[in-house]
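Hi there,

Here is the structure I promised to pass on to you. Please open it beside this email, and then read on for what turned up in it.

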Amino acid sequence: MSPTTSAGASETSASPRRMRADARQNVDALLEAAKAVFAESGVDAPVRSIAERAGVGVGTLYRHFPLRSDLISAVFRHEIDACVEAAAAIEAEYPPGEALDRWIMRYTEFVATKRGLASALHSGDPAYEPLADYFATHLAPTLDRLLAAAAQSGDIVEVVDASDFLGAVANLCHAGGSAGAAGSGRAERMVRLLLAGLRAGYEDRRGADREGSS
């Protein structure tokens with residue numbers, strides 16, 4: 001085999017790998033750009049502004065996400081994955097009770113800053129139906145693990161269902177009104193009260209345990 005042939009074969013075999021890497025880079029850039037634009041302007045923002053922020057052409061955006069619902073769904077999944085991944089780092093650094101609080105506030109930030117995302121997901125569009133299952137099979141088990149660890153350590157005393165708690169946090173975020181700093185701040189305050197409720201009665205229960213052991 002001649003050097004020329006070898007070099008050509010090598011270049012050809014490397015091209016698909018370069019294309020795959022470029023495509024992955026474009027998708028990541030589009031997801032980050034869409035996340036930022038959705039937070040600023042809502043999910044109905046012009047796709048051109050998303051493509052411009054990502055540094056790609058509109059054609060590239062449509063090649064990866066032919067429908068707006070495709071892009072919204074991808075951003076939602078991307079953010080869920082980021083929340084799940086954050087849990088492991090938080091658990092490794094903080095004790096169970098604090099880890100629970102920090103992760104819930106991370107989730108609160110995710111929900112509170114997604115302007116229009118909730119209405120899109122609950123619009124009845126069948127394109128979003130798989131997201132409910134994705135949510136349930138990723139976030140709920142993560143919170144369930146954090147709750148179990150906090151309960152075992154004695155940091156919380158109330159037993160709650162992970163899915164119910166996530167739903168309660170989401171409702172508080174949506175009730176907070178504006179998705180701006182003021183709305184997000186109000187949602188965080190309300191969620192902290194919800195977290196405090198998991199610890200309510202701790203002193204009374206500890207006192208009862210002491211009396212029972214005397």
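Predicted model: local features only at pLDDT ≥ 70, side-chain atom pairs only at ≥ 80, totals over all residues.

**Charges over rings**

Arg-102 sits over the face of Tyr-94, 4.0 Å from the ring centre. Such a charge counts as over a ring if NZ of Lys or CZ of Arg is within 6 Å of the ring centre and within 35 degrees of the ring normal.

Residues are numbered from 1 along each chain as its sequence is written, and side-chain values use heavy atoms, with hydrogens and water left out.

Helices here are DSSP runs (H or I, at least four residues), numbered from the N terminus. The expected span is 1.5 Å times one less than the number of residues.

Is Thr-108 buried or exposed? Thr-108, which lies in α5 (residues 96–112), counts as buried because its relative accessibility is 1%. Buried means under 20% relative accessible area, exposed over 50%, and partly exposed in between (1.4 Å probe, protein chains only). Leaving aside neighbours within four places in sequence, Thr-108 is in contact with Val-169, Cys-173, Ala-187, Glu-188 and Val-191; contact means heavy atoms within 4.5 Å.

There are four aromatic pairs. Rings of Phe, Tyr and Trp (its six-membered ring) pair if their centres lie within 6.5 Å; planes under 30 degrees apart count as stacked, over 60 as edge-to-face and the rest as tilted. Phe-76 and Phe-110 make a tilted pair, 5.8 Å centre to centre with 45 degrees between the planes. This pair links distant parts of the chain, with Phe-76 in α4 and Phe-110 in α5, 34 residues apart. Phe-76 is buried at 8% relative accessible area, and Phe-110 is buried at 3%. One aromatic cluster holds Phe-76, Trp-103, Tyr-107, Phe-110 and Phe-135.

**The core**

Which residues have the most contacts inside the largest nonpolar core? That core has 57 residues, and the ones with the most contacts inside it are Ile-50, Leu-100, Trp-103, Ile-104, Tyr-107 and Leu-143. A nonpolar core is a set of buried Ala, Val, Leu, Ile, Met, Phe, Trp, Tyr and Cys residues joined through side-chain atoms within 4.5 Å. Among the elements that give two or more residues to this core are α1 (3–41), α5 and α7 (129–153). Tyr-107 touches residues including Cys-83, Phe-135 and Leu-166, leaving aside its neighbours within four places in sequence.

α7 has 25 residues and reaches 37 Å from its first C-alpha to its last, close to the 36 Å expected at 1.5 Å a residue. α7 also has a kink of about 25 degrees, centred on Phe-135; the bend at a residue is the angle between axes fitted to the seven residues ending there and the seven starting there. After α7 comes Gly-154, with a positive phi near 85 degrees.

Ala-162 belongs to α8 (residues 162–175) and is buried, with a relative accessible area of 6%. Not counting residues up to four places away in sequence, Ala-162 touches Ala-140, Leu-143, Asp-144 and Leu-147.

Happy exploring!
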